[in-house]
Amino acid sequence: MPTVAYTRGGAEYTPVYLMKIDEQKCIGCGRCFKVCGRDVMSLHGLTEDGQVVAPGTDEWDEVEDEIVKKVMALTGADNCIGCGACARVCPSECQTHAALS
């Protein structure tokens, strides 16, 4: 049975949680990051080899010249409340959401 939540007005809905971000589709625009106040995702670098690297790490320093684009990465999945705001603003439809059962 899926998790059930309620709006302020008492309407029932099923939260759909962010499960994955497809780094190949993500354009790194940051719109999802801007609408999410829960620290669910952050901007990372994507290397030529498809490696997703967090900024400010030793790993970043080692591969910084190989980064071909910036993408959003799911970094705080447990913080997601399933509101779907990120999906509504994403122009590249790179996110996968699902209800919990």
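Two residues are in contact here when they have heavy atoms within 4.5 Å. With that in hand, let's look around this chain. It's a predicted model, where local features need pLDDT of at least 70, side-chain atom pairs count only at pLDDT 80 or more, and totals for chains, interfaces and linings use all residues. Residues are numbered from 1 along each chain as its sequence is written, and side-chain values use heavy atoms, with hydrogens and water left out.

First, the overall layout. The chain has 3 helices and 7 strands, and the pattern along the sequence reads β-β-β-α-β-β-α-β-α-β. Helices (H or I, at least four residues) and strands (E, at least two) are DSSP runs, numbered from the N terminus. Along the principal axes, the C-alpha atoms fill a box of roughly 50 × 25 × 25 Å. Of the contacts between residues at least 6 apart in sequence, 63% join residues at least 24 apart.

Now for what's tucked away. Of the chain's 101 residues, 30% are buried; buried means under 20% relative accessible area, exposed over 50%, and partly exposed in between (1.4 Å probe, protein chains only).

| Residue | Relative accessible area | Class |
|---|---|---|
| Cys 32 | 6% | buried |
| Gln 95 | 13% | buried |
| Cys 90 | 14% | buried |
| Val 89 | 28% | partly exposed |

Take Gln 95, which sits in strand S7 (residues 95-98). What does Gln 95 contact, leaving aside its neighbours within four places in sequence? The list is Leu 18, Lys 20, Ile 21, Cys 32, Cys 86, Ala 87 and Cys 90. With Ala 87 there's some polar detail too: a polar atom of the Gln 95 side chain lies 3.3 Å from the backbone nitrogen of Ala 87.

Val 89 belongs to helix H3 (residues 85-89). Not counting residues up to four places away in sequence, Val 89 touches Arg 31, Cys 32 and Val 35. Val 89 and Lys 70 are 19 residues apart in sequence, and their C-alpha atoms are 18 Å apart in space.

What about the cysteines? A disulfide is a covalent bond between the sulfur atoms of two cysteines. The structure holds 0 disulfides, counted as pairs of cysteine sulfur atoms within 2.5 Å. For Cys 32, the nearest cysteine sulfur is that of Cys 29, 6.2 Å away. For Cys 90, the nearest cysteine sulfur belongs to Cys 94, 3.8 Å away.

Notes: Polar contact = N/O pair within 3.5 Å; in protein donor to acceptor, adjacent residues only side chain to side chain.
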